[in-house]
Amino acid sequence: MHDTCDRPHVHDHDADARRPVRSKAAALILLSFAMLIVSLDQYIVVVALPDIGRELGYSARTLQLVVSAYAVASSGFLLLGGRAADLLGRRRMLVTGLALYALASLAGGLTTGPAPQLAARAVQGLGGALVFPSTLAIINTAFAEGRDRNRALGVWGGSGAAGLVIGVLLGGALTRMLGWESVFFVNVPLAGGALVAAFRLLAPDGSRTVGRVFDLPGALTSTGAVTLLMFSLVQGPALGWDSPWTVGMAAAGLLLFAVFAVVERRSPDPLVPVKLLANRVLAVALVVAFMFTATFGALLYFLSIYFQDVRGYDPLQTGAAFLLPTAVVVAGSTLAGQTVTRFGLRRTLVAALAIGAAGAVGVGLALSVDGSYVALVPGLVAVSLGDGVVFTLMFIAAGTGVADHRQGVASGMASTSSGVGAVVGLAALVLVANAGTEGLSGEELRVATAEGIRTAVLVIAGGIVLTLLAALNLRGPSGHPHRSQADSAAST
C-alpha cells in the first residue's frame, strides 16, 4: 500500500520528468553552464575581498560575510528550491533563479556600503538555491541511472568544481583590470544568456501533479531553521559566541528544527520523505557533501588570503596562481563519471579522498612566510584532483536510487548539506587561522597570518580524513544502476 509520499497520483508526472529537454547534449551544456555560474560566484569575490573591505569599510572579522551571506541564503532555501522544482516545474525554477541572480549581481556591484551589498549577496544565494537543485534534477531525470547519468554528471560536476576555482582566477583578473565591482557585474550577461537559452533548449514544464502538496509549513520551518543557525555561526566571531544575538539565533534555529520534525511527521506529503532518509547512499552523500565544502571549499579562501596578505601577490597574480589547480579540478571532475562506472562509487570516492587528504597535508607543510609557489605545487595537484572527483561523486551518490519525482528534493538535500558545510567550515577555520593574530601588525601580523593559515590547512586535511572514514560506510553501490542498495529503498 502506498501513500502520497510514495508516488504521485497522476501517472503522467514521471513521464513528463523524463522528457525535460529537447536536445540532451545542448541541454547538458546549458545546465553545466548554469551550474558553473552559481559555483563561480561563491568564490569570484574572494580575490576581491581586500579591495571590497577597504572601499566599503568591512572589518577583518566581518569581511568573510561577503562570502558567507551568499552561503547562508543559499543553504537556507535549497530544500525549498528542490521542492519547488519537483512541484512547480524545473525549468520554471531554473529561469526564476537565473533572473534573481542577474538582478542581485547588478545590485551588488552598484552598492556603496556593507549592508546593501550583503543583502544583494543574500538574494544571489536565493537565486542559486533555485538554480542548483533544478539543474541537478533535470540531469538526473533526463539521463538513466548508471553510465549515461554518470557521464552527464561528470560534465556538470566538472563545471561546478571548476567554477569554484575559476571564480578565484576570474575574480583576480577582473579586480586588477576593472575594479572589484566587475566581479558582480560579470554575472549579469552570464546569467541573462543562460536564462534565454533555457527557454530554447528545455521543454516547457508539464502541469502540476494532482494530489501532491507543497508542504509550506515544512518549507518555511526548514528554511528558517537553517538560515538562523547559519547566521549565528557566521556572526559568532563578530558579535561574540556568548552574545545574546548569537545565542538567541542559534536557539531559535534549533527550535525551528524541532518544529520542522513535528511538521514532517504529520504532513501527508512531507518535504523530506522518510524513505529518502532510509536511502543509505543518499545519507552518506549528505555527510560527504557537508564535509567537502567545509574542507576542500574552505581551502580556496585561505590560499587566496595567503597569496595576497602573506606573499604580497596582487589580485591578478593570485588568480594566476590558481591556473594549475583549475586545470586539475576540471580534469578530475570530468573523469569522475567514467571512473565510477568502471570501479564503483565507494572505491573511487575513498581513493579520491585519500589523495585529497595527502595533498592538503602537502600544502600545509609547504606554507610559510617566505615559501615558494613551486613548493606548493605537489600538494595543490593532489588536493585539486581529490576536489574535482569528490565534487562529482557526491552528487552521483545523492541521485542514486531516487525516483524521478523526488530528484528535486534529493538534490536540494545534498546541496543544502553542501551549503551548510561551507558556512560551518569557514566559520570554524577562520577562528583557527586568526587565533594568534589579535593585536598584531606589520611583519608580526604577516608571520602570524602564515602560521594560522598553515594550521587551518592541516585541520582541513584532518577533516578530509574524517570524510574518508564516513565514505567507507558506502557499502554495495557501484556505477551499475542495479547494484545500489538504494534502488529498493527509495524508488517506490
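Which residues are exposed on the other side of α9? The answer is P189, V196 and R200. Exposed here means over 50% relative accessible area, buried under 20%, and partly exposed in between, with a 1.4 Å probe and protein chains only.

This is a predicted model: local features need pLDDT of at least 70, side-chain atom pairs count only at pLDDT 80 or more, and totals for chains, interfaces and linings use all residues. Residues are numbered from 1 along each chain as its sequence is written, and side-chain values use heavy atoms, leaving out hydrogens and water.

Start with α9. This helix runs over residues 187-201 and has 15 residues. Helices are DSSP runs (H or I, at least four residues), numbered from the N terminus. From first C-alpha to last, α9 reaches 20 Å, close to the 21 Å expected at 1.5 Å a residue. The expected span is 1.5 Å times one less than the number of residues. The buried residues of α9 are N187, A191, A194 and A198. They sit on the same side of α9 because they cover an arc of only 60° around the axis. That arc is taken from the directions from the helix axis to the C-beta atoms. An α-helix has 3.6 residues a turn, so residues three or four places apart point the same way.

Now turn to α6, residues 114-142. Its 29 residues should span 42 Å, and the end C-alpha atoms are 42 Å apart, which agrees. Of these 29 residues, 22 are buried, so α6 is largely enclosed by the rest of the structure.

A289 is in α13, residues 280-310. A289 is buried, at a relative accessible area of 1%. Leaving aside neighbours within four places in sequence, A289 is in contact (heavy atoms within 4.5 Å) with M394, A414, S417 and S418. A289 and T467 are 178 residues apart in sequence, yet 9.2 Å apart in space, C-alpha to C-alpha.

T246 lies in α11, residues 244-266. T246 also counts as buried, at 4% relative accessibility. Not counting residues up to four places away in sequence, T246 touches S232, Q235, G236, L239, G240 and W241.

Finish at the surface. L110 is in α5, residues 90-110. L110 is exposed, with a relative accessible area of 58%.

Notes: Helix = DSSP H or I, 4+ residues; strand = E, 2+ residues; numbered from the N terminus.
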